[in-house]
Amino acid sequence: MELTSEPVLSLAGIGKRFGAVEALADASLEVYAGEVVAIVGDNGAGKSTLIKVIAGVNPADRGEIFWQGRPVSITRPHDATALGIATVYQDLALCDNIDVVGNLFLGHEMTRAGVLDEIAMERRATELLATLSVKIPSVRVPVAALSGGQRQSVAIARSLLGEPKVVLLDEPTAALGVAQTAQVLDLIERLRDRGLGVVLISHNLADVKAVADRVVVLRLGRNAGDFDMATATQEQIVQAITGASDNAVSRRQARAGRADMATTAGTEAGQ
Amino acid sequence: MSTSTTSDTAAEVRAAAIQRDPRLAGPPRTPGELAQAIWRRIRAGELGSWPVIIGLVVIAVVFQSLNDRFLSTENLYNLSLQIVASGAIATGIVLVLLLGEIDLSSGSVSGMTSAMLAVMTVRHDVPPALGLVAAIVLGAAVGALHGLIFARIGVPSFVVTLGGLLGWQGLQLWLLKPQGTINFPYDGLVAKIAHTNLDRVAGWLVAAVVVVAYVLAELLERRRRQAVALPARPVVSLAARVVVLTACVFGAVGILNAYAGVPIAVVIFVALVVGFDLILRKTRYGRSIFAVGGNIEAARRAGISVTGVRVSVFALSSTLAAVGGILFASRAYSVGQSSGGSDILLLAIAAAVIGGTSLFGGRGSTYSALLGSLVLGAIQSGMLLLSLDSSVRFMITAAVLVAAVVLDSLSRRGRRSSGRE
C-alpha cells in the first residue's frame, strides 16, 4: 500500500492531566491512510488516554491535532465523528436484544416518511458485511446469538457506516479465541486495504506483529519509540515498553547468554 | 469503499445473499416445515405469545365446562369492556418494563387524574371534552415529573413511583373532599365513552379495514424486499398470519356484534395497543426504547438521549394510566376514594408480565398488555360466574402471575442455552 506523504491525522505535544496524575506528558502520533499503527505500552502508559483524546471523550489539556494537515480541535465525541474518526471500544457496546441490522444502525437509523426503512438498512448491512467478508448466520439474529469474534466484527462494521478515514480499535482481540482473533485480524487488514488509517491498541505483541505496519510505544505518557514493523525486533519493542535495557525480558535472555546489551541500549530512545 | 467498484459489490452482495450457511435450517416452505420452525423457536426460549394463547384456551375450556354461561356472547362482551381500563394502564407498564424499570404509581395516577376530571367537569362545569384533554395532559405532566426525578437526579424508579403511589392517592382524596365520590351524568360525554357501541356494520367495516391494511402492508414489504433481492417472508408463513389475523379480528367482531356491537372503549384500547406496537417496532423512538432497555451504555454511545427516552417513557406510562382512569370512571359513572386503588396496579403489572413482557428489560410488546389483560379478565370473570370467594380469587390470580414469571425466567434460560442471550 502506497503511503501519501501527508498524515491523515497527526498529534503533537499532547498533554493530559487527571488530578495529580499526568497521564500524557508530551505524546505525539501520526496516522497515514492505508496503514495500521499499533500503540503499545505497559499498563498506565497512556494508550487509552491517547485514544480518548482522539475520540473526543477526554479532550487534551495541551497540544495540537492536525487533520489532513489542518489544525483542528476535538472537544467532544461528535467532533471526532464529524472529522471521520470512528472508535470501537473494548466493551463493544452492542444491544443484545436488538438484531445485527438494528445494532449496526443504532442511533443513525434510515427512515422513510418517518418510519424505519428496514429494507434499506438490511440491504446496506448485508453489503457492508459482505465486503468485509464477515460471516454471520443472518443479519436478523439478535446480537446475543453471535460469538465473540462475530460481535467484534459487528462492532467494527458499525464504526464503518459513517465512512470514516481513521478507525481506532481498543484491544479488539482481548478475550477472543485463536480462530476468532484471526477473523478480527483479517478484518483489520481489509480495513487497511480499503485505504483507512487504523490505530490499534493492543497488549498482545503477537497480534501487533501480525497486522501492524508501524508500532508506537508509549511509556509514562511519553513517546518511547516508533518502529517500522518490517525491521523491528521483539526485544527492541519490549525494551521501549519497559524503558530499560535491564528488564525482566532481557535478564532472561542474558541468563541464556544471548543478550547483546551494547547494541540494544542505543535504540531505547527510539528512532 | 471505493466508489468505482460499487456496482461490482452490489453483484457480489446478491451472490452472498444467495449463498446461505448450509448448517442453517432453510425458510419453511410447507405447513409442516412451518410447524417445525415454530417448535424450534419455542425450544430455544422464543416463546412469543404461545403460552398466553394456550393459557386462554385452557381457561376457556375449564370455565365453560364448569359454567356454560362463560363463553356466552353476553359474558364475552362484558369481559371485553372489563379489560379495557386496566389494559390501557398495562400498556403503559409494558413501555416502562421495556426500559427495565417499574412504575408503581400507575394506579394512583389513574385515580387522581379521573378525580381531577370529575372535579373539573361536574363541580366546575368545564366542558367534558376539555376536561378529558386536561386529565390526559395532567397524566403526562405527572409522568414527566417521575421521569425527571428518576433520570436527572438518579433516584431509583421504584422509589420515585412508590412515592407517586402514595402522594397522588393523597391528592385524589383531597380533591374528592368533602363528598368522597363524584358521579358523572349518565348522558354526558365521559359516561358515553364506555357505554357506546359501534353500529354492527361499522364493526364489520373496521375489521375488514384492519385485515386489508395488514395484507397490503405485507405485500408491499414483500415486493420491496424482492426488488432488492433480500429474503422475504415465506408465502406459507404469510398466509398463516393472514388466516390467523382474519379469524381473530372477524371472530372478535362477530362475538361482540352478536350481543350488542363493538364497544367504542374496546376500539380505543386495541388502537392504543396497535399504535404503540407500531411506534415501538417501526420508529427510531421505539428502537431507542429497546436500546436503552438492552444496554444503556450502547444507547448513550450511539447518541441516543437516555434521559429523554426515560422521561418520555414515564410520561407515556402516566398518560396511559390517565386514559385507563378515564375508562374506569366512564364505566362506573363515578370517581370515588377507592378509584385507582386496591389491586388495579398489581393486576396491570401482572397483565404485562403474563402477556410475555420481560421484567428484565428489552423484550416485550404492547400486545402482551392485551393478551395478559384477557387472561386475567377471563379468570376473574370465570371465578365471579362460579361465585368463588375473593380469598380464592386472590390466590388463583397470584398463582397465574407467578407461573407467568416462572415461564419468563425459564425461557430466559432456554435462550441462554441456545446462545440467544
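Predicted model: local features only at pLDDT ≥ 70, side-chain atom pairs only at ≥ 80, totals over all residues.
1. Strand pairing, as used here, needs at least two bridges found by DSSP between two strands. By that rule, strand S11 (residues 214–219) and strand S12 (residues 222–228) of chain A pair over six bridges, in the antiparallel sense.

2. Overall make-up of chain A. It holds 10 helices and 12 strands. The radius of gyration of chain A is 20 Å; a compact globule of 271 residues would have one near 18 Å, so the value agrees. Along the principal axes, the C-alpha atoms of chain A fill a box of roughly 70 × 40 × 40 Å.

3. Strand S1 (residues 9–18) of chain A runs antiparallel to strand S4 (residues 62–67) of chain A, and five bridges join them. A:Leu9 stands opposite A:Trp67 in S4(A). On to the next pairing: S4(A) is also joined to strand S5 (residues 70–72) of chain A, by three bridges and again antiparallel. Here A:Ile65 faces A:Val72 of S5(A) as its opposite residue.

4. The turn between those last two strands. S4(A) and S5(A) make a hairpin with two residues between them. A:Gln68 sits in that turn, with a positive phi of about 50°. Most residues other than glycine have a negative phi.

5. Which residue between helix H5 and strand S9 of chain A is meant? A:Glu163 is found in the loop between helix H5 (148–160) and strand S9 (166–170) of chain A. Its phi is near 50°, positive although A:Glu163 is not a glycine.

6. Overall make-up of chain B. There are 17 helices and two strands. For 421 residues, a compact globule would have a radius of gyration near 22 Å; chain B has 23 Å, so the two agree. The C-alpha box of chain B, taken along the principal axes, is roughly 80 × 55 × 40 Å.

7. Domains of chain B. The assignment gives domain 1 as 48–196 + 263–410, and domain 2 as 202–260. The C-alpha centres of the two domains of chain B lie 27 Å apart. Six residues from domain 1 of chain B and six from domain 2 of chain B make up their contact. On the domain 1 side, helix H4 (residues 73–98) of chain B gives the most, with five residues. By class, that side of domain 1 has three nonpolar, two polar and one charged residues.

8. A helix pair in chain B. The axes of helix H6 (residues 128–153) and helix H14 (residues 306–332) of chain B come within 7 Å. They cross at roughly 145°. The crossing of H6(B) past H14(B) is right-handed. What classes do the contact residues of H6(B) with H14(B) fall into? They divide into 19 nonpolar, eight polar and two charged.

9. A cis peptide in chain B. B:Lys177 and B:Pro178 are joined by a cis peptide bond, with omega about 5°. B:Pro178 lies in the loop between helix H7 (157–176) and strand S1 (181–183) of chain B. For context, most peptide bonds are trans.

10. The contact between the chains. How many residues does each chain bring? Chain A brings 26 residues and chain B brings 32 residues. On the side of chain A that touches chain B, strand S8 (115–116) and helix H4 (118–131) of chain A each supply at least two residues. H4(A) has the largest share of that side, seven residues. By class, the side of chain A that touches chain B has 13 nonpolar, seven polar and six charged residues.

How values were computed:
Residues numbered from 1 in each chain as written. Chains lettered and ligands numbered in written order. Contact = placed C-beta atoms within 7 Å. Helix = DSSP H or I, 4+ residues; strand = E, 2+ residues; numbered from the N terminus. Nonpolar A, V, L, I, M, F, W, Y, C, P; charged D, E, K, R; others polar. Domains from an automatic or database assignment. Axes fitted to C-alpha atoms, helices over the stretch in contact; angles between N-to-C directions. Left-handed = near helix turned anticlockwise from the far one by under 90°. Rg over C-alpha atoms; globule rule 2.2 N^0.38 Å.
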